[in-house]
Every structure is written in C-alpha cells, then in structure tokens.
Amino acid sequence: MQRREFITLLGGAVAAWPIVAHAQPAKSPARIGFLPLGSQSNAYDRSLVEAFRRSLADAGLMQNRDVVLDIVWITGDPNAAVSELLQRGVDLLVPCGSSASVAAGRQTSTIPILFIAVGNPIGMGLVESLPHPGRNVTGFSDILADLSGKYVEIARELGGPQASVDYLWHMRWPDGQNRFEATLRAADALGVNLRSRGVGDVTDLDDAIISIKQSGALAVIVQPSPFTYQHRTHIIDFATKQGLGTVYAVAGRDGALVAYGPDYADLFRWAGSYVDRIVKGTKPANLPVQQPVKFDLIVNLNTARALGLTMPATLLARATEVIE
C-alpha cells in the first residue's frame, strides 16, 4: 500500500486515544520525547533531527503551542535515555533505531511509541504485523533486514564474481544473528563464499578489521546496526587506513566506499504526520507501519582513490550520488 493510500485510509473514523490525559491540562502542548541516534556533533545526524522538526511544522504542529520537543541523544545505554524521558512525563516517545525502540517498548505499554528506522519491527517484537501493529507501537521501518542480498551483490561487484565476501557484524545486538543469517542465505543463493567476523564491543573492532584485511579482502560489508552506526567514523577511518573499503547502509558521506539504503531524511520528514495523528487521539495500533519508498546508492570516489580501487562502471551508473 502506498503512503498516499495510508493517509486516505486513515482519514476516516478511527478509535480515539486521548494522549494528553496523562495529568496535563487539556490545552497543554503534548511533550514529545525524541531519541535520535548518533552524535550531536555530526552534521548528518543533526540534519535528521532538523528533518523531524520540519515534519512537525509541515503537519501543522507548532512548537510550544501544540507540542514540546524534548530531545535526548542516545550516546550510551538506550534504556537510560528512555527512562530519563519517561521520568519527565512525556506523552509520546519517538525512538530512532531498534535498540532504543525495544528499550521503549520494554519500559512502557501505555505511552504511545512511534519508532523511526527499525529494520525488523516484527522480529524485534515491536509490532504484531505491519498493517496492524497492535499495542501502543507503530512507526517507520527502514527494511534493512530485507536488504542483505543487496549488500552481498555490491560486495561481489567490488571484488569480482569469484571473490569471497567479508562481513563484520555485532554479536550482542538482538537482531544481529538474524541479519547475519539473512546475509548468509543471500550469499548461498548467489553462490558466494561468506567470511564473517563478529564483534562484541568497540574494543574488538580494530582486531576484527585487521583480520579481515589480512584474509585478502578489498572491502567488507558492515552489518547495519545501532552499534555500527554509532561507531561508523572509527570503523570507516580505521578500515580505510588498513586499505579496506566499507559497504554501509549509510555513511557514504562519512567516507564509506559504498552506501546503500533508504533516504533517511525522507523517513524523518514523514514522521510528523503520524505524530499529528497520535497527539490528536489516534491509537498507534491503528496506524500501519510505513516503509521507505526512496533509496540512495552513494559511491565515494575519494575513498576509492585512497584505496587505489577502480570502481565498476556498472556500480557508478546506478549511483544516485557520486562523491568526488
């Protein structure tokens, strides 16, 4: 179902859920607890926060009149960030990424939750189905769990049809094993040998990258996860210094050799429409989970030159952006 169809469908009668009934005056602005992933010092991460702010304005929600935006960046334990916002008395939680979204779902079953950029919301136990989320949760999936085959195809294109494909993944992430297995199945279907290296925390990264490079790899698929996103600058920089290109879901502008994934700014721009519906009384259970319709393939020729690589013409022809 296309996004315009969602909006038409949801414009009819829906069950009401009075969000501002949590001990607030009837006309008080709804407090939105927003949990962005990444770093406040990173321009791209800040741009997504600004895209969310604009989405509220585009939906007709005025700051301090209709909503108050309470932002807590996820810099460590997402449970602590969620707890902090709940203690402040928020009326709606908007977590970004699966770890923060799961933490939010674990800590409240009554306050509405609108997640952004969760790759596997059913597998993570956040929703019962995409059309009918159930409970107090809905949101915008980035479907990265379904793109495993795309990353294998890109890595094979970089290394050649006979080359093995290397994969770096986070073992302590709840969805990590699922995405690793999905990548393994995709590699098997393409007749590609997958060499994987799992890490538990940031102290494992350098040794894992060195080991992957010593195996003869030209590039490595970096599993999309909150962990690899938060540490993307270190992963990309260290890998490049070792002569190893990175294939990411995002971060082409941060130096990844190739990045393929949804247009995240577009996801954040649409989130305000759901915030508007929820603060006006619509239950999250009645708002279908939305999926991206715009995708970017970014090729970084600066990184390719630093690595001494010639990018395949077929990859360059498909790119939506080439960084030179």
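Start by selecting strands β1 and β2 (residues 67-71), which run parallel and are joined by five bridges. The model on screen is a predicted one. Within this pairing, look for Ala-30, which has Val-67 of β2 opposite.

Together with β1 and β2, helix α2 makes a β-α-β unit, and the unit is right-handed.

**The aromatic rings at Phe-34**

How many aromatic pairs does the structure hold? There are seven. Begin with Phe-34 and Phe-52: the ring centres are 4.3 Å apart and the planes stand at 15°, so this pair is stacked. Phe-34 belongs to strand β1 and Phe-52 to helix α2, so the pair ties together parts that lie 18 residues apart in sequence. Phe-34 has 0% relative accessibility and counts as buried. Phe-52, also at 0% relative accessibility, counts as buried.

Then select Phe-268. With Phe-34, Phe-268 forms an edge-to-face aromatic pair, at 6.5 Å centre to centre and with 80° between the planes. This pair links distant parts of the chain, since Phe-34 is in strand β1 and Phe-268 is in helix α10, 234 residues apart. Phe-34 and Phe-268 are both buried. Show the three rings together: Phe-34, Phe-52 and Phe-268 make up one aromatic cluster.

Turn next to the backbone. Most residues other than glycine have a negative phi. Select Ala-117, which is not a glycine and yet has a positive phi of about 70°. Ala-117 sits in strand β4 (residues 113-118). Buried or exposed? With a relative accessibility of 15%, Ala-117 counts as buried, the cut-off for that class being under 20%.

Go on to Ala-251. Its phi is positive as well, near 90°, in a residue other than glycine. Where is Ala-251 placed? Ala-251 lies in the loop between β9 (245-248) and β10 (258-262). At 5% relative accessibility, Ala-251 counts as buried.

**The cavities**

The structure has two cavities of 30 Å³ or more. The largest cavity holds about 340 Å³ of space. Its lining consists of 26 residues, and those nearest its centre are Leu-37, Ala-117, Asp-142, Tyr-229 and Tyr-264. To see which elements take part, colour α2, α8 and α10 (264-279), which give two or more residues each to this lining. The largest share comes from α2, with four residues. By class, the lining of the largest cavity has 18 nonpolar, five polar and three charged residues.

Move to the second largest cavity, with about 40 Å³ of space. Select Leu-144, Ser-148, Tyr-151, Tyr-167, Arg-179, Thr-183 and Pro-224 to display its lining. Helices α5 (148-159) and α6 (176-189) each supply at least two residues of the lining of the second largest cavity. Four of the lining residues are nonpolar, two polar and one charged.

**The largest pocket**

The last stop is the largest pocket, which contains about 320 Å³ of space. Select Pro-78, Ser-99, Ala-100, Trp-173 and Pro-226, the closest to its centre of the 23 residues that line the pocket. Which elements each supply at least two residues of this lining? They are α3 (78-87), α4 (98-107) and α8 (226-230). Helix α4 gives the most to the lining of the largest pocket, six residues. Colour the lining by class to find twelve nonpolar, nine polar and two charged residues.

Technical notes
Residues numbered from 1 in each chain as written. Predicted model: local features only at pLDDT ≥ 70, side-chain atom pairs only at ≥ 80, totals over all residues. Heavy atoms only, no water. Pairing = 2+ DSSP bridges. Right-handed = clockwise from strand over helix to strand, strands pointing away. Buried < 20%, exposed > 50% of the residue type's maximum accessible area, 1.4 Å probe, protein only. 1 Å grid on protein atoms, 1.4 Å probe; cavity = no way out; pocket = protein on both sides within 12 Å on 5 of 7 lines; lining within 4 Å. Points joined across faces, edges and corners; volume = space filled by probe spheres on them. Nonpolar A, V, L, I, M, F, W, Y, C, P; charged D, E, K, R; others polar. Phe/Tyr/Trp six-rings, centres within 6.5 Å; stacked < 30°, edge-to-face > 60°.
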